[in-house]
Amino acid sequence: MIKVIDVAYPILQVPSLNKQEKFLKDFGLVTSKKTNNELYMQGLGPHKFIHKTIKGKKKFIGSAFYAKSMNDLNKLSKTEDFSEVKKLKSPGGGFVVEALDPDGLKVEVIFGMKTKKFNKKDLVAEPFNSGGIGKETSPRKNQPRRVGKPRSSKIKKLGHLAINVNDPTVSFDWYNKHLGLIPSDKVELGKDSGIYVALFCRCDLGNKLTDHHSFLLQSNLSSDLKSGFNHCAYEVVEVDDIFLGHEVLKEKSYRHEWGIGRHFAGSQIFDYWRSPYGHVHEHQTDGDLFDNKVKPGVIDISEAAGMQWGPDITSTFGNSEGI
Ligand SMILES: [Fe+2]
């Protein structure tokens with residue numbers, strides 16, 4: 001069918017938009033639009049918003065993806081699973097088609113959202129004087145590194161969304177069929193069992209590079225068989241943003257979930273925090289970039305749950321509190 005080009009935003013529902021906005025600002029996002037019933041937050045990149053919250057009982061509503069063209073929305077609208085094309089009333093406008101995935105979680109595919117002016121300088125990582133050959137010819141000459149502490153993380157874009165589902169394989173077939181997502185790593189429950197408890201998926205951009213995973217389908221075994229939200233990950237500009245963000249969120253007494261570490265699948269440096277409603281939000285940077293030629297990897301659950309360095313995965317990660 002079609003091939004989406006990236007994830008756009010998660011849609012969460014919580015009782016207090018003020019409380020949510022406060023957390024998201026401390027996390028590094030900026031208010032784009034706030035009404036009595038909706039809150040839209042943006043990053044430093046071109047997107048009008050990259051996080052959406054609706055006021056109401058705590059709940060995960062769904063995930064939004066960017067389509068490549070209006071034609072792709074029209075194509076989806078002709079399938080049984082998707083709605084007709086509707087106008088978006090959110091910041092930047094545009095159009096949307098909607099569906100429910102196999103777990104009844106909402107999926108929006110959007111096109112035509114206007115972009116905002118942004119300062120490219122905000123998104124440029126400072127030259128890093130890494131060790132090894134090359135250090136002596138670094139572009140950072142006679143110039144001390146100052147990061148502007150204390151400050152929240154500088155967020156570029158939504159990195160990936162992760163959801164807990166009944167059967168990751170069934171969900172993968174649905175997302176592959178309708179949105180063209182392809183597998184990057186499959187997490188197997190025991191060697192050669194053929195049972196996959198998580199599927200890290202990326203967009204198929206042909207020979208263009210894309211994030212190792214834009215979407216993660218994980219078994220809802222960790223959340224008492226309840227399907228819904230696992231976490232949302234935001235890409236920060238550089239590694240200092242991981243640590244600066246950590247200090248700010250710790251100082252403000254938010255609940256830390258897991259990190260700082262470097263993932264195995266996708267290789268990102270990561271740090272996970274709980275919002276006041278228990279929804280897990282991740283800062284990440286330095287993830288792998290794949291084109292569509294890389295074959296899916298199969299990794300054992302013991303490797304996938306772990307990291308290359310950093311603390312062990314928490315027993316609460318992916319639990320029903322954050323659903
Ligand atoms: Fe993640």
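The following dialogue examines how the terms used for this predicted model follow from its values.

Biologist: How are the residues numbered, and which parts of the model are used?

Modeller: Residues are numbered from 1 along each chain as its sequence is written. The model is predicted, and local features need pLDDT of at least 70, side-chain atom pairs count only at pLDDT 80 or more, and totals for chains, interfaces and linings use all residues.

Biologist: How do you know that the radius of gyration agrees with a compact globule?

Modeller: The radius of gyration is taken over C-alpha atoms, and the globule rule is 2.2 Å times the number of residues to the power 0.38. For 323 residues a compact globule would have a value near 20 Å; the protein chain has 19 Å, which agrees. The C-alpha trace spans about 60 × 50 × 40 Å along its principal axes.

Biologist: Why is Asp192 called exposed, and what is the corresponding term for Asp286?

Modeller: A residue is buried if 20 or more other C-beta atoms, placed from the backbone, lie within 10 Å of its own, exposed if 12 or fewer, and partly exposed in between. Asp192 has 7 C-beta neighbours inside 10 Å, so Asp192 counts as exposed. Asp286 has 17 other C-beta atoms within 10 Å and is therefore partly exposed. Of the 323 residues of the protein chain, 45% count as buried.

Biologist: What do the backbone angles of Asp192 and Asp286 show?

Modeller: Asp192, in the loop between S10 and strand S11 (196-202), has a positive phi near 60° without being a glycine. Asp286, in the loop between strand S17 (280-285) and strand S18 (289-290), is likewise not a glycine and has a positive phi of about 60°.

Biologist: What makes S17 largely enclosed?

Modeller: Six of the six residues of S17 are buried, so S17 is largely enclosed by the rest of the structure. Val280, Glu282 and Gln284 are buried on one side, and His281, His283 and Thr285 are buried on the other.

Biologist: How do you know that S17 is paired with other strands?

Modeller: Two strands pair if DSSP finds at least two bridges between them. Strand S14 (residues 228-236) runs parallel to S17 and is joined to S17 by four bridges. Strand S16 (residues 269-274) pairs with S17 in the antiparallel sense over six bridges. His283 in S17 is the bridge partner of Tyr234, and His283 is also the bridge partner of Asp271. S16 and S17 form a hairpin with five residues between them, and Gly278 in the turn has a positive phi of about 85°.

Biologist: In what order do the strands of the open sheet stand, and why are S19 and S20 placed at its edges?

Modeller: The 10 strands follow the order S19-S10-S11-S13-S9-S14-S17-S16-S15-S20, with mixed pairing. Strand S19 (297-300) and strand S20 (307-309) each have a single partner strand, so one side of each is left without a neighbour in the sheet. Strand S10 (residues 182-188) pairs with S19 in the parallel sense over four bridges, and Glu188 stands opposite Asp300 in S19.

Biologist: Which residues have the most contacts inside the largest nonpolar core?

Modeller: A nonpolar core is a set of buried Ala, Val, Leu, Ile, Met, Phe, Trp, Tyr and Cys residues joined through C-beta atoms within 7 Å. The largest has 74 residues, and those with the most contacts inside it are Val4, Val109, Ile110, Ala198, Cys201 and Leu217. In soluble globular proteins, nonpolar side chains tend to be buried together.

Biologist: What does Cys201 touch?

Modeller: Two residues are in contact if their C-beta atoms, placed from the backbone, lie within 7 Å. Not counting residues up to four places away in sequence, Cys201 touches residues including Phe172, Tyr175, His213 and Leu217.

Biologist: Where are the cis peptide bonds joining Lys149 to Pro150 and Gly259 to Ile260?

Modeller: Pro150 is in the loop between S8 and strand S9 (155-165), and omega of the Lys149 and Pro150 bond is about -5°. Ile260 lies in strand S15 (residues 255-263), and omega of the Gly259 and Ile260 bond is about -5°.

Technical notes
Helices (H or I, at least four residues) and strands (E, at least two) are DSSP runs, numbered from the N terminus.
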